[in-house]
Amino acid sequence: MERLTFKINGVDYTNAVQRYGMSTTYQKREGSNGGMMLDGSMTVDVIAYKAVLTIPMNPMLASEQAALISEVATDYVNVYYFDVKTGGYRTAIFIPDIGTTSAVILRDGENKYFSGLVLTLTER
């Protein structure tokens with residue numbers, strides 16, 4: 001099975017993403033024209049559905065993790081990913097949230113490996 005391509009700001013992070021880990025949900029964005037009607041029914045004013053990507057990363061060297069965190073430690077990132085809603089690849093602007101990473105899990109000489117980093121990207 002071929003992995004789906006995943007890029008942030010043009011940098012390919014496909015191999016850094018856990019093989020079966022990325023999940024997508026769709027956040028409903030509502031406008032101000034919805035609400036409770038006089039008969040008790042509700043009307044919604046859905047403006048759009050925006051993707052929210054939750055991406056567990058593979059264990060990586062401290063230097064690799066630092067580079068990834070530096071890439072997403074900004075207000076917005078440009079993400080190329082496979083969108084399950086459209087059934088194809090798309091590029092969109094996302095707001096990144098850097099999750100907690102776990103402590104060192106293995107030392108190999110001077111290399112330090114980290115695990116547990118989860119990125120959450122919310123479409124703008």
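Q: Where does S115 lie in this predicted model?
A: S115 sits in the loop between strand 11 (111–114) and strand 12.

Q: Why does S115 count as partly exposed?
A: Its relative accessibility is 23%. Buried means under 20%, and exposed means over 50%. The value for S115 falls in between, so S115 is partly exposed.

Q: What separation is there between the C-alpha atoms of S115 and M60?
A: They are separated by 6.6 Å. Along the chain, S115 and M60 are 55 residues apart.

Q: M60 is also a contact of Q65. Which other residues does Q65 touch, leaving aside neighbours within four places in sequence?
A: T101, F114 and L117 are in contact with Q65 as well.

Q: Is Q65 buried or exposed, and how do you know?
A: The relative accessible area of Q65 is 8%. The cut-off for buried is under 20%. Therefore Q65 is buried.

Q: Which residues of helix 1 are buried?
A: Helix 1 covers residues 62–72. Its buried residues are Q65, L68 and V72.

Q: Where is E123, and why is E123 called buried?
A: E123 belongs to strand 12 (residues 118–123). Its relative accessible area is 7%. Buried requires under 20%, so E123 is buried.

Q: What makes the pairing of the E123 and R90 side chains a polar contact?
A: The two side chains make this contact at 2.8 Å. The limit for a pair of N or O atoms is within 3.5 Å, and one must be able to donate a hydrogen and the other to accept it.

Q: Where is V44, and why is V44 called partly exposed?
A: V44 is in the loop between strand 5 (42–43) and strand 6 (46–56). Its relative accessible area is 47%. That value lies between the 20% and 50% cut-offs, so V44 is partly exposed.

Key
Residues numbered from 1 in each chain as written. Predicted model: local features only at pLDDT ≥ 70, side-chain atom pairs only at ≥ 80, totals over all residues. Heavy atoms only, no water. Helix = DSSP H or I, 4+ residues; strand = E, 2+ residues; numbered from the N terminus. Buried < 20%, exposed > 50% of the residue type's maximum accessible area, 1.4 Å probe, protein only. Contact = heavy atoms within 4.5 Å.
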